[in-house]
Amino acid sequence: MTQENERSLVLGNQALARGLCENGCRMATGYPGTPASEILPAVAVLKKSESLESLHVQWAINEKVAFEIAYTASIAGLRSVVAMKQVGLNVASDPFMSGAYLGVKGGFLVISADDPGPHSSQTEQDSRLYAMAAKVPVLDPDSPEQARDMVGMGFRLSEAFEIPVMVRPTTRVCHARQDIELRTITPGTAEAHFEKDPGRWAATPKFRLKLHKELEIKLEGIAAWAETAPVRLNPDCGTPEKAIVVAGVSCAHARDIVADLGVGDKVALYQVLQPYPLHTAFMDEILERHTDILVLEETRGIIEMQLARRDKVKGKESGHVPRTGELLPEIMETIIAEFTGVKSLSHLLEPVPGRRPTLCAGCPHRASFFAIKKAAPKGIYTSDIGCYTLGMNLMAVDTVLCMGAAISQAAGFAHAYSEEKRPPIVATIGDSTFFHAGVPPLIDAVVQKVPIVVVILDNRTTAMTGNQPTPATGVDISGCEVGSISIEMLVKGCGITYCRTADPMDIKGFILEIKEAIAHSKVHGPSVLISRSPCVLNLSKTEKIARYTKVEVTDDCDGCGYCVSHFECPALVLDSENKRVDIDLALCTGCGVCISVCPKGSIVHVN
């Protein structure tokens with residue numbers, strides 16, 4: 001239990017979880033995705049340590065489902081939250097747009113964590129643009145502590161105007177650590193009470209127009225709500241001609257840079273807490289007080305767009321601030337120094353090439369990809385979002401679009417090629433991703449009788465985002481036993497008549513399985529092969545010992561490098577000088593698959 005005046009060094013996502021539990025959140029849902037993945041597990045930990053029996057927390061099958069569950073708790077009067085990464089909001093955008101019209105009862109937060117950079121995302125999209133499109137207010141924290149504080153602010157705003165509220169942390173806020181004072185955990189005590197009102201909760205298009213008009217009135221009120229008004233960070237410098245407007249983590253950087261450059265008395269510094277809707281009075285005042293205004297924000301020019309004075313405002317739209325990538329401190333310092341007319345203190349560092357990302361040593365996906373290439377060397381390989389995207393290094397992934405697209409893109413290729421010229425088409429998709437968005441395109445492939453092979457890479461976890469459970473795992477976010485879904489039964493329920501399960505670590509056997517699946521698909525339509533082997537990071541110590549196979553490279557190795565270039569296991573190291581391959585025992589997991597990979601039989605099992 002939290003002690004009075006206790007302090008703790010917490011991750012930004014843990015601070016958000018703390019804010020939820022300190023403010024009586026009764027339901028927390030989400031789908032894992034970097035940089036938001038740690039929020040729900042932290043809520044689950046607090047639920048257990050603080051005995052918050054009335055708090056329901058769960059991973060959902062995808063972001064749309066997660067949104068709809070938490071939103072419904074809100075219209076029953078409970079404080080609730082749904083957490084996701086920015087591309088997850090694409091999946092949840094349908095209920096997000098509609099929920100803005102219908103409104104809420106209990107406070108409802110949508111935490112959409114953005115990834116400027118991007119470090120682990122398909123796009124750099126700015127969730128605040130979604131908030132503008134949906135006409136939902138958005139709060140933009142600059143630090144873990146402010147993220148925690150904005151949770152309470154968001155709940156109050158949501159309940160005051162009966163509207164969903166977005167909280168938009170970015171990677172640097174989610175994954176920063178800060179020492180914060182812990183406040184009292186407040187269990188939510190409200191009882192669910194749904195007041196039937198079909199005109200609102202099941203509104204037809206006629207009533208939607210009425211709801212839209214009411215939403216516009218709400219936004220006018222929100223744009224004047226005192227608690228979320230912009231903050232002047234250096235009021236003592238008076239009213240200089242120049243002003244800097246910052247939001248999100250750019251504010252944290254700007255505070256330090258203005259102090260380091262010694263320009264705190266030359267330029268007014270404002271922090272915008274609520275980028276949309278931007279406070280009306282603030283817009284009027286800043287444009288009247290200052291003649292030269294610089295806006296620093298990630299990722300798009302949301303604030304700059306609303307200020308809408310090209311003669312006074314500099315930012316992304318004017319070309320004074322980069323339109324892509326993170327606003328790193330060294331970049332911001334150069335911009336602020338130039339804007340204020342002082343010499344920059346730092347120099348931009350030349351980018352250095354990083355190490356190419358690769359699948360882990362012992363990863364079963366590597367074995368699957370190797371087998372697919374062997375079975376269909378002239379095939380087209382569509383794939384999906386997950387760590388198996390790294391199969392592109394093995395030349396076994398040709399396309400990656402978005403969650404679930406591996407199967408629909410495979411169908412697209414199949415339809416595009418004539419039967420005579422159609423190559424084998426093999427789609428790979430992870431188990432969690434298959435549940436998330438792979439089922440509808442598989443049904444479509446069955447109905448259209450598309451000649452493709454779908455390989456479901458079932459490693460029994462959501463590996464890329466931190467090994468969260470999938471609907472097949474049988475445990476929930478707290479490790480408690482829950483129901484589970486059989487992938488085989490689900491696949492067959494979609495109408496697939498050819499569904500086989502095999503272990504990819506048996507390379508030779510798995511190659512035969514793929515060839516049979518391809519042959520079946522050419523005649524009968526889609527076939528599914530479930531590639532089942534656990535993620536090496538999820539194995540217990542006992543399991544690792546039980547499956548360990550000691551291997552060695554014999555003196556026959558001539559250093560041809562086939563195993564390194566075609567299998568790319570990090571534990572296989574090519575010694576060009578001595579013309580042989582060595583095994584890095586510090587990395588080797590003892591999976592033994594490389595024995596089947598070496599074409600010359602120079603990697604052998606050791607008794």
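Predicted model: local features only at pLDDT ≥ 70, side-chain atom pairs only at ≥ 80, totals over all residues.
Residues are numbered from 1 along each chain as its sequence is written, and side-chain values use heavy atoms, with hydrogens and water left out.

**Helix pair**

Helices here are DSSP runs of H or I with at least four residues, numbered from the N terminus. Helix H3 spans residues 63-75 and helix H5 spans residues 93-102; their axes come within 10 Å and cross at roughly 20°. The axes are lines fitted to C-alpha atoms over the stretch in contact, and angles run from 0 to 180 degrees between N-to-C directions. H3 and H5 are therefore roughly parallel to each other, a term for angles under 35 degrees. Their crossing is left-handed, that is, the near helix is turned anticlockwise from the far one by less than a right angle.

On the H3 side, the contact (heavy atoms within 4.5 Å) is made by Lys-64, Phe-67, Glu-68 and Tyr-71. On the H5 side, Pro-95, Phe-96, Gly-99 and Leu-102 take part. By class, these residues divide into 5 nonpolar, 1 polar and 2 charged. Ala, Val, Leu, Ile, Met, Phe, Trp, Tyr, Cys and Pro count as nonpolar, Asp, Glu, Lys and Arg as charged, and the others, Gly among them, as polar.

**Pocket and cavities**

On a 1 Å grid over the protein atoms alone, a cavity is a set of points where a 1.4 Å probe fits but cannot get out; a pocket is an open set with protein on both sides within 12 Å along at least five of seven lines; lining residues have an atom within 4 Å of a point. Grid points are joined across faces, edges and corners, and a volume is the space filled by probe spheres set on the points.

The largest pocket is lined by 47 residues, and Ile-385, Gly-386, Cys-387, Thr-389 and Met-464 lie nearest its centre. Helices H4 (86-91), H15 (364-375) and H17 (431-448) each give two or more residues to this lining.

The structure holds 3 cavities of 30 Å³ or more. The largest cavity has 13 lining residues, of which Cys-569, Ala-571, Cys-588, Cys-591 and Cys-594 lie nearest its centre. Among the residues lining the second largest cavity are Cys-557, Asp-558, Cys-560 and Lys-600.

| Space | Volume | Lining by class |
|---|---|---|
| Largest pocket | about 910 Å³ | 23 nonpolar, 21 polar, 3 charged residues |
| Largest cavity | about 80 Å³ | 10 nonpolar, 3 polar, no charged residues |
| Second largest cavity | about 70 Å³ | 6 nonpolar, 2 polar, 2 charged residues |

Technical notes
Parallel < 35°, antiparallel > 145°, perpendicular 65-115°, else oblique.
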